[in-house]
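Hello,

Please open it first, then read the notes below.

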Amino acid sequence: MDTTRKRTLNKPKDKADKASTDDNTATSKTAVFFTLFFTSWIFVIVEKCITGNWSILTVPRFPNYINSYIDIKTFVILTGWFGLQCILYMLPVGGESVDGLQIKDSRKRLKYRLNAFFVLTVNIIGFFIALLSGIRVTSVSDKLLQLTTSGVLLILLFSIVLYLRACKSGKTGNSFNNWFNGVELNPRWGLFDLKYVCFRSGIIGWILMNFINIAKAFDKGDRPSVTLLIVAGFQLLYVADYFWFEDGILVSRDIVHEHLGYNLLVQFLMIPFCFAVQTRYLMMTKYELPWYCLLAVSILNLIGYWIYRGSNSEKNNFRKNPDDPQFANYEVIPTSTGKNLLVSGWWGLCRHPNYLGDLIISMTYALPTGFSCFLPYLNPLFLFVMLVGRERTDGDECKYNHSFFKIHILAHDNTPLLLENSINLQVLWKSIRPAARCVVSDTDQILKRLLTYKYKMDKMTEAAKEFNDDESSSSDGCSTVSENSDENKERGNWTRKMDFWLSLVGYAVGLGNIWRFPYLCYKSGGGAFLIPYTIFLFLCGVPLFFLEVSFGQFASLSPITIWRICPLFKGTGIGMAIVSGMCCLYYNVLIAWTLYFLFMSMRTVLPWSTCGNDWNTEHCFVKDKDSSTSFKHNQTVTNFTNSKYSLLQQSSVLINNSSLMNSSSILKHNYTSPSEEFWEKHVLQITDGIDNMGELRWQLFLCLLGSWILVFLCLCKGVKSSGKVVYITATFPYLVLLILLVRGVTLPGAVDGLKWYLIPKWEKLATFQVWGDAAVQIFYSVGMAWGGLITLSSYNKFNNNCYRQAMMVPLMNCGTSVFAGLVIFSIIGFMAHETGVEIDEAIKQGPGLVFVAYPAALAKLPISPLWAVLFFLMLLSVGLDTQSVCV
């Protein structure tokens, strides 16, 4: 009996030991992998910075001899500089000693000396003194590989010392994991804190590396670009502010929660080599951003800084003195530690707006480098992944410890169960209190007490739901709801009626209004096309629009579940979802193309305006008036403007007596415009067949990722967030269209374009094709039977007056189409006037209009980058509105 029991008890133990061994093996492999990966990746970045080969797709070429990696003098200089940072930290000058937060491994508070701003100032002054003294500080840039190797050796040395220190103190476990992730939170020798010093030293080294890159630009005999100085200024401002409010560092996750090992040492001490990539790139490429783009990036940086500083200051002030009168009206919730958590103000607006500020600021470091290289964007990408992961971790901790709750109850089988839900603590307590045997006088202590009443989990959840329903009703028992509250607690409602109205406008007004309607109007009889278009608008558009909106508002259900009213038509809802899903896939690709064109517009010279680019072929030709005259007898064709590879440089083309050919005919058959080659050869990189897939376009991949991120940000809080976004995205296109129209009608040739657009061709009305196109355009533009109208209206309150909205939105949609046609044809007429071709040769539809013809026309305008940025911002706003509803 005893033997059997012993075997039974030992069996789970053996399994546990085996599982523990497997976990340790997996942890060791992970630690070894990331150790090699981090180290290798840092050397890859440094190699790109040294050679100037910025493409991450090319294999790095490292030197073969050891002297290129290890230099004793460089190692001594780096070690001496780090020792200087340690000494400056210990000096009782430049700041006071304060207590940090209580660390989680013990109950004590560690003291820190807050003199980082003073140390940063000393380093900057020392740099300029060395520079003015004739010391060649730029030699650091020449020995970047040796400096990186020295930094890695220093990190390895610190990691080994920390590991031996942990072993000596008896803290054992997985060896590789202890070495990689560390064992001690804050390894110290007296007041000296190694983690804090390494963290400060890495950030200070980042700024010094930027100054070295600027000095290197002077060494080359050129003045550093304004873009380089602005980016370096952005980073200096961030670091100076970070150190000025140094007490905020003491409550950061790295200092309070992360153990110090190889992983964290790499993140700290490799900052100068990874975060200075942008200034290094600008120094080597001499890239200069247009002034208006620099202004836009500067404004974006200030917005990010405003969010970053405002949220962090409020959080730090609350932690210092939660009883401050400025927090009297702020909302707080109790925590299990006895403290209060701030959930309103800046901190409650986005919950983690400091992360949002960091992300915006990091993007302003990379945007000025342009979009021809991916490497400067690695830092924002890494920061995005790290901060989003950290935000999710913080959110889970808050869910477990603060605003969410955990209550132990005993079921009928006496098994402890853990109920976790998002219902407010007081709501749950009021729901279960009448049935509970124990009474807790202070509801704030409920997390610390064990409810022993045998109450089933489903019954308690039901009681909490009933309590929420009771709270939604008024005190006299009526079911009326206040104007600002939600009728539908599960799905929510629009905050304001204007949110719904603008969302409808944004959904109905899409890319089809801009790139499809003007072409159909021109092809189908000009102004005469408006007759069948208006007829179908009132016969089909307005009634069906009103039907879908009222149907969705009545049911408050999605396009699939709404067909419970008649299960026979359930397939209709599924079909709507499938069509919308297919639309989402290609629509986001269009947004990604728009983003790419928007970024490429931020240049002094638009890349699709000339033929002197890497992607242009020998057939590239910039058309103008002079090159469109007819070629006469024995005339030598030699003046092909801006052609990169002129075939006529080696031989002349003679025109025989019997034939007269004009240049437009030659161009039509032999040559392509730079905008067309930019679209096909550079953006899409179209191959010769489906069997040749081509290479991955990482620029378009990032733009596609960015477009999905934009859609996510618009929808992250449901109608509460999308209802705010449409105030910009639904109104901004009208402002841009108005600006472009005013500019377009003042250009030469605009009148001719408008005549082609508006003059009726009555004979076209006799063709069936025109009436079919008008009907299809109504359904395509207004968006009936796609499920979007049902989705938007399902968030309305039951008594909302949707009749007036259903009348106005289709009319606005059609008016927008006509208005956009005026803008398009005024610019197309100008382009035809400038190039000397007929308007019917210049007009196109679909992507050919917005990505080929229209960019080519914008390139002819004065200050063309400004108009290009406005145009593609308009397309982005229009696309995001429709895409958000489809998703």
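**The second largest pocket**

H2 supplies the largest share of the lining of the second largest pocket, 8 residues. This is a predicted model: local features need pLDDT of at least 70, side-chain atom pairs count only at pLDDT 80 or more, and totals for chains, interfaces and linings use all residues. Residues are numbered from 1 along each chain as its sequence is written, and side-chain values use heavy atoms, leaving out hydrogens and water.

H2 spans 72-90. Helices are DSSP runs (H or I, at least four residues), numbered from the N terminus. H7 is among the other helices that each give at least two lining residues. The pocket has a volume of about 920 Å³, the space filled by probe spheres set on its grid points. A pocket is an open set of points on a 1 Å grid over the protein atoms alone, where a 1.4 Å probe fits, with protein on both sides within 12 Å along at least five of seven lines; lining residues have an atom within 4 Å of a point. Of the 33 lining residues, Ile77, Trp81, Val140, Leu208 and Ile212 are the closest to the centre.

**Around Pro855**

Pro855 sits in helix H34 (residues 847-858). Is Pro855 buried or exposed? Pro855 is buried, at 0% relative accessible area (buried is under 20%, exposed over 50%, partly exposed in between, with a 1.4 Å probe and protein chains only). Leaving aside neighbours within four places in sequence, Pro855 contacts Phe597, Trp608, Leu849, Val850 and Phe872 (heavy atoms within 4.5 Å). Its C-alpha atom is 10.0 Å from that of Pro865, 10 residues apart along the chain.

Best wishes
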